[in-house]
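Dear colleague,

I am passing on the structure below, together with some notes on what was found in it. Please look through it first, and then read on.

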Amino acid sequence: MAGGEVGPGGVPGQAGVLEGSNPSKYNPADPIVLFIIQSAIIIIACRLLHWPLSKFRQPKVIAEVIGGIVLGPTVLGNIPGYMDAIFPKESMPNLTLAANLGLVLFLFLVGLEVDMRILFSNWKTAASVGALGMAFPFALGAAIAYGLYHEFRGDPGVQDISFGVYMLFIGVAMAITAFPVLARILTELKLLQTNVGTIVLSAGVANDVVGWILLALTVALVNAGTGLTALYVLLVCIAYVLFLIYAVRPVFLWILRRDGSLENGPSQSMVGLTLLMVLSSAFFTNIIGVHAIFGGFLIGLICPHEGGFAVQLTEKIEDLVTVLFLPLYFALSGLKTDIGLLNSGIVWGYVVAVLAVAFFGKIVGGTLAARWTGMVWRESFTIGVLMSCKGLVELIVLNIGLQAGILSTRVFTIFVVMALVTTFATTPLVLWLYPLDYQRKIEAWKRGEIDWDGNPLKKNDDDVPMDAIQREKNQAMRISKITVLLRLENLPSIFSFVDLLGSKPIPTAKVHKSKKLPAATIPEEGESSGASDTEKEQIEESKPTGPPIKPLEVHGERLVELTQRTSAVMQVSEVDELQQKDPVVNVFRTFGSFHNIAVSAGLSISPSESFAEVLTNRAADQSSDLLLIPWSETGAVTESEDPTQYSSANRFMSEQHNQFISQVLSQSSASCSTAIMVNRGFGSMFDRGLSRATSFRSLRERKEINIISPISDPSHHIFFPFFGGSDDRVALRFVLQLAANTNVTATIVQVIYAPDEHADPNLQLPPIAIRRDVPRNLSQSQVPTLSNPDIPTAAASTTSLVSSDADSIFFASLRDSCPPELLTRVFFETVRTPQPLQYVVTKAREEVGQTPRNAGDLVILGRGRRDNRPHIRSELVQVLATLGVPSGTGMETRRCLGDVAEAMVVASVKASVLVFQAGGKVLRMEHEARLEAKEVAGKEV
């Protein structure tokens with residue numbers, strides 16, 4: 001049966017190719033073999049084409065259609081015998097059946113993606129932009145339909161239809177906008193949350209719904225024998241829509257609430273019920289003379305979006321549809337496309353005319369409507385270009401027209417070329433018209449911060465002239481605004497770290513309301529208030545003096561990867577509701593409310609390669625003083641909630657994560673300082689890097705419940721070596737700010753490189769047990785050398801080989817200005833040594849990790865990447881070799897953390913490591929101070 005060959009005795013052969021049968025030969029009794037071959041060829045071709053097109057930010061539908069054109073008669077069809085062997089006419093009904101089933105399910109997903117709440121909340125804008133954005137191209141399409149109708153109505157396969165029906169179809173084909181592709185473009189270009197994105201999305205929803213209604217009317221007119229029949233079809237469609245809205249939807253919602261699917265996601269039974277409704281609706285719309293896809297689309301529209309039901313339902317079925325079924329449908333469109341039919345000047349004239357009408361009609365209509373709503377011209381043009389995107393919806397419309405006999409294969413090919421060009425051009429045109437710099441400029445202009453030429457209208461604090469003393473005060477300003485990356489695996493260390501900066505209120509004993517004393521009466525004039533003069537003086541002395549300290553504000557940002565899935569795009573449009581239910585965001589908010597810290601939290605959905613840009617932009621928007629990034633425990637940029645995927649061996653060797661950290665450090669320097677935290681048990685007594693390895697069998701055999709005892713000693717000890725430079729100066733201020741917490745003690749050592757000093761023979765690094773998260777057996781290219789390209793050049797250096805006088809003065813000024821109560825917890829020391837790195841590592845092992853039951857210790861370091869320290873690099877080679885890990889954590893991690901931090905990580909110092917990089921206002925002020933110093937020196941000369 002596999003090959004349809006008949007064996008001896010008239011029994012069909014069962015051995016297939018072993019009996020010499022040809023698997024590519026179509027057998028109606030067993031069509032699955034050829035169907036698998038066809039599907040595999042289509043999917044592979046589409047995936048291969050999508051890879052280069054994705055570099056130009058093109059949607060996948062472009063690759064699918066081009067793949068069909070390549071596989072069809074235009075390219076490979078010219079090979080003799082190819083079409084009869086791979087795509088014989090007898091097999092096309094089976095391929096078409098699978099493709100149409102996938103199309104019904106895809107239109108159901110499109111309906112799920114259309115959130116009518118967006119349309120209702122922006123109905124005025126949607127009505128204006130959507131109406132004019134459809135009316136103008138519809139009118140131009142009706143005009144060009146006259147020429148198309150009279151020129152090509154004699155082509156093979158065209159039914160004898162009236163010009164009115166033909167005009168209606170061409171008008172719809174010109175006026176419709178591809179809402180699914182549009183939503184993906186807006187999401188990828190990060191425009192979904194902007195005014196442009198809101199207007200386009202609202203208008204796209206309205207355009208999509210009206211377009212499908214008009215297309216259904218067109219199909220009904222074609223399929224109906226008389227005008228009266230078409231009227232009956234239209235009335236039945238209206239009645240069916242009302243039946244779904246007012247009868248089916250309330251019952252469906254009642255069943256979902258009773259089943260708990262709205263709160264907990266769709267159960268398997270509800271997924272089955274929903275798919276049964278899709279197929280039933282498709283069956284009904286098909287038998288009344290309207291295409292089956294409208295039935296699936298309508299069921300998607302009535303599905304609820306409350307509780308994320310639509311998103312979670314999409315997640316369950318989208319992969320099968322978009323990976324298998326949808327490529328088959330659009331590849332079939334390409335197979336029906338024959339570029340060879342465009343074989344005359346008149347035909348190519350109509351190709352150019354159709355392209356011009358498609359671009360001009362949608363861009364002009366959308367632009368004028370957007371301008372009428374109050375947008376500036378450039379924003380309006382951007383909206384018009386976005387509304388001109390045709391995409392896969394246009395191809396569905398064209399296929400319906402081809403199947404109904406409205407279009408010939410030649411006209412179908414003309415419109416496929418138009419759909420490809422308009423879709424391909426949308427993203428580049430939007431990037432050219434509405435770049436990120438212009439977006440920021442127009443937002444600042446609308447807020448009244450700048451004029452149209454970009455000149456500031458308001459003076460900010462940085463523009464106010466100040467003397468050196470005032471500038472020094474600003475440099476010593478507390479870090480009061482922090483943006484932190486929220487990751488589930490790093491929450492304990494983040495909470496403990498942020499808690500150190502917060503100010504806890506002193507609790508007061510509560511008294512039951514029935515036992516409260518009567519309110520004290522206000523003393524009359526001349527009466528004593530009851531307090532002695534000594535008590536009054538004590539009260540006055542207890543009041544805080546000096547400028548008020550800014551309260552700590554912490555913004556947590558959670559990053560979720562934006563994939564090609566429809567559900568991910570839907571999550572972006574519903575991000576406000578999603579972040580209200582996100583467990584990590586809610587836990588962070590609860591932590592802030594219980595620890596007297598002003599917190600805010602957000603959730604951003606973007607491609608993983610844009611995580612650094614999203615995070616640094618959010619820190620700039622929040623005017624943060626510090627951006628805190630916890631180093632991933634697994635080396636993954638995207639978060640996985642599956643604990644079985646945890647692997648500490650990849651922690652420092654993940655190229656993707658190292659690139660993310662490097663991008664954050666380079667992009668954030670203009671807006672704020674940055675701190676990278678390598679957690680090793682901070683805030684708890686549990687250190688993943690030292691946990692024993694467990695097998696699946698040991699996990700199954702472990703019956704006891706691990707009880708984690710509370711931390712009896714909430715103290716922390718900080719060790720900070722001060723080498724000098726802008727990074728170390730910022731880190732020193734922050735150490736003193738942390739030391740204001742009474743549970744924190746700190747050892748601050750100024751390390752001065754003195755090559756003339758005698759080496760300390762006691763500086764010996766003892767053998768250590770290498771941690772599981774430190775990579776081993778790396779290639780020789782990962783070993784640090786003085787010739788490595790990651791060493792700053794002397795021209796880029798901001799410090800000398802020895803500690804500069806400015807750094808020494810800065811260190812001494814902060815040491816001498818410490819209040820007495822702070823000096824009881826902070827110890828300052830200055831050391832001159834020819835072995836600064838070895839001294840620091842040895843000193844750190846003596847200072848931290850000595851109280852194993854405390855809440856965790858910290859080693860705080862400056863990144864020092866701006867400083868020229870060849871003596872540190874040369875000593876790093878010796879230290880790593882002594883520790884038995886000559887390659888350290890690898891070159892990429894070394895570039896991110898710096899040489900000193902790498903030595904601390906490899907040396908298994910029993911503390912978490914916090915690496916600082918100065919940025920933002922601090923760098924600007926230091927640059928101004930250097931310029932002033934040069935001016936003063938010049939005047940003195």
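Asn 596 counts as partly exposed, because its relative accessibility is 43%, which falls between the limit of under 20% for buried and that of over 50% for exposed. Please keep in mind here that the model is a predicted one. The residue sits in the loop that runs between helix H25 (583–594) and strand S3 (598–606), and the phi of Asn 596 is near 60°, a positive value in a residue other than glycine.

A second residue to look at is Ser 623, whose phi is near 55°, again a positive value in a residue other than glycine. Ser 623 belongs to the loop between helix H26 (611–621) and strand S4 (626–630), and with a relative accessible area of 45% it is partly exposed.

The other item concerns helix H30, which covers residues 805–816. Which residues of H30 are buried? They are Asp 807, Phe 810, Phe 811 and Leu 814. When one looks down the axis of H30, these buried residues fall within an arc of 95°, and they therefore line one face of the helix. As background, an α-helix has 3.6 residues a turn, so residues three or four places apart point the same way. On the other side of H30, Asp 805, Ile 809 and Asp 816 are exposed.

Methods. Residues are numbered from 1 along each chain as its sequence is written. This is a predicted model: local features need pLDDT of at least 70, side-chain atom pairs count only at pLDDT 80 or more; totals for chains, interfaces and linings use all residues. Side-chain values use heavy atoms; hydrogens and water are left out. Helices (H or I, at least four residues) and strands (E, at least two) are DSSP runs, numbered from the N terminus. Buried means under 20% relative accessible area, exposed over 50%, partly exposed in between (1.4 Å probe, protein chains only). The expected span of a helix is 1.5 Å times one less than its number of residues. The arc is that of the directions from the helix axis to the C-beta atoms.
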